[in-house]
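The sequence and the structure are shown below.

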Amino acid sequence: DDRDVFLLNHRTRARFLEQGYKACDVPIMFCSFDHNGDGELDFQEFADMMEHMQIDIGGDRLLDLFSSFDCDGSGAIDDREFVRTLFPSAYAEIYGRIEVEPTAQAGAESAAEASPRIMPEPTTD
């Protein structure tokens, strides 16, 4: 099941790039398919985007792909979740640098066990 989702993500990323899109295009693309203007794509809006991109995945597999993006389990995905899953190396470039901040949880003894926090890029005047 995880392998199938991995392959679906890979196929989606490849199709996205084949169509001439880049990771930085995701926020604008999401706006164009966000029919209700809530800043997120529900499953139907996501399905419309996949159809537009000519990514022919049907039924349960499309739902599995959608669920792989829905990191917070909200039933909708935003552009950040989409980029984080498909283009993890571009995430910080688009949304700001990622800084790792130690958590208050016991046992978080290394930076690898700390929680990431997105920080805006510093501005220079």
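A polar contact is a pair of N or O atoms within 3.5 Å; within protein, one atom must be able to donate a hydrogen and the other to accept it. In this predicted model, such a contact of 3.2 Å joins the side chains of Asn9 and Ser68. Asn9 is found in helix H1, which covers residues 2-18. With a relative accessibility of 13%, Asn9 counts as buried, because the limit for that class is under 20%. Leaving aside residues up to four places away in sequence, Asn9 touches Leu65, Ser68, Phe69, Thr85 and Leu86.

**Nonpolar core**

In soluble globular proteins, nonpolar side chains tend to be buried together. The largest nonpolar core of this model has 27 residues. Those with the most contacts inside this core are Phe46, Met49, Met50, Ile77, Phe82 and Phe87. Two or more residues are given to this core by each of H1, helix H2 (26-33), helix H3 (43-52), helix H4 (59-69), helix H5 (79-86) and helix H6 (88-95). Phe82 touches Thr12, Phe16, Val26, Phe30, Phe46, Met49, Met50, Phe69, Ile77 and Phe87, again not counting residues up to four places away in sequence.

**Aromatic pairs**

A pair of aromatic rings is described by the distance of the centres and the angle of the planes. The structure holds nine aromatic pairs, and two of them are set out in the table.

| Pair | Distance of centres | Angle of planes | Geometry |
|---|---|---|---|
| Phe43 and Phe66 | 5.5 Å | 90° | edge-to-face |
| Phe69 and Phe82 | 4.7 Å | 40° | tilted |

At 29% relative accessibility, Phe43 counts as partly exposed, whereas Phe66 is buried, with a relative accessible area of 4%.

In the other tabulated pair, the planes of Phe69 and Phe82 stand at 40°, so the pair is tilted. Phe69 lies in helix H4 and Phe82 in helix H5, so this pair ties together parts that are 13 residues apart in sequence. Both Phe69 and Phe82 are buried.

Ring pairs also link Phe16, Tyr21, Phe30, Phe43, Phe46, Phe66, Phe69, Phe82 and Phe87 into a cluster. Phe69, one of the members of this cluster, is also among the residues that Asn9 touches.

Key. Residues numbered from 1 in each chain as written. Predicted model: local features only at pLDDT ≥ 70, side-chain atom pairs only at ≥ 80, totals over all residues. Heavy atoms only, no water. Helix = DSSP H or I, 4+ residues; strand = E, 2+ residues; numbered from the N terminus. Buried < 20%, exposed > 50% of the residue type's maximum accessible area, 1.4 Å probe, protein only. Contact = heavy atoms within 4.5 Å. Core = buried A, V, L, I, M, F, W, Y, C linked by side-chain atoms within 4.5 Å. Phe/Tyr/Trp six-rings, centres within 6.5 Å; stacked < 30°, edge-to-face > 60°.
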